[in-house]
Amino acid sequence: INAEYMGQTADYFNMGNAEKVPEHNCQLVSSLDSTVHLTQCGPVLATDLMFKHIRTDTVWDLINQMQRGRSPDRNQIANTLKGITVLLNYCEPKKAVRIDTVRFELTPMSTFERKGVTTTYCEYFRQQYGITNSDLDKPQPLLEAVSKTQRDRDGNPKVTHYIPSLCHLTGQTEEMKLDARRGRELIKKNSCCASGPVDKDL
């Protein structure tokens, strides 16, 4: 299986075989879920096909949607984005990150020190990943993630900042879950016959 590890969990997903669903701004990526059960006859391997729901819209798209036609409510934006998991498509392999807070005082043009050199977040992402996304120049707030395992030089939890226009949303909102038509269409996309999982992913 040509699978990629996607952050936070021990799951590997086949990004190269993603099922695109453009009418719902998402894609379904497959993986195999395996469990070994100990029985009286010996160990039994149970394998099933599972999917991860990845949205093609970004956090910046969501922020713009929330601000459309009215004054931006920073508290509402911060509460909506706190604790969400985003996908970093520019990383190889793809990486999933949990967002802890929104830093409205920071933008892609804010500076930070890297290897003794002062640079902007915008320039860092352009040089490090070759990104030419025009939204990098827009005054979007930065997303902050605090590591639970990694430490900085001072022994404090490592803090990393991300640009919303480069972070893809994952999961489904309550509105999406309640959309029966959308649910039926997604089920059709990931349903298969008994031999389907092996033929599709191997």
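Colleague: Is Tyr-90 buried or exposed?
Modeller: This is a predicted model, in which local features need pLDDT of at least 70 and side-chain atom pairs count only at pLDDT 80 or more, while totals for chains, interfaces and linings use all residues. Residues are numbered from 1 along each chain as its sequence is written, and side-chain values use heavy atoms, with hydrogens and water left out. Buried means under 20% relative accessible area, exposed over 50% and partly exposed in between, with a 1.4 Å probe and protein chains only. Tyr-90 has a relative accessible area of 17%, so Tyr-90 is buried.

Colleague: What is the geometry of the aromatic pair of Tyr-90 and Phe-125?
Modeller: Rings of Phe, Tyr and Trp (its six-membered ring) pair if their centres lie within 6.5 Å; planes under 30 degrees apart count as stacked, over 60 as edge-to-face and the rest as tilted. The structure holds seven aromatic pairs. In one of them, Tyr-90 and Phe-125 are 5.4 Å apart centre to centre with 85° between the planes, which makes the pair edge-to-face.

Colleague: How many residues apart in sequence are the parts that this pair ties together?
Modeller: Helices (H or I, at least four residues) and strands (E, at least two) are DSSP runs, numbered from the N terminus. Phe-125 sits in helix α3 (residues 121-129), and Tyr-90 in the loop between β5 (85-88) and β6 (95-98). The pair therefore ties together parts whose separation in sequence is 35 residues.

Colleague: What is the angle between the ring planes of Tyr-124 and Tyr-129?
Modeller: Tyr-124 is buried at 19% relative accessible area, and Tyr-129 is partly exposed at 32%. Their ring centres are 6.3 Å apart, and the pair is edge-to-face because the planes stand at 90°.

Colleague: How many disulfides does a search of the whole structure find?
Modeller: Cys-122 is buried, and Cys-167 is buried at 0% relative accessibility. A disulfide is a pair of cysteine sulfur atoms within 2.5 Å. For the whole structure, the number found is zero.

Colleague: Which residue just after α3 takes a positive phi?
Modeller: Helix α3 covers residues 121-129. The positive phi just after α3 is about 70°, and the residue is Gly-130.
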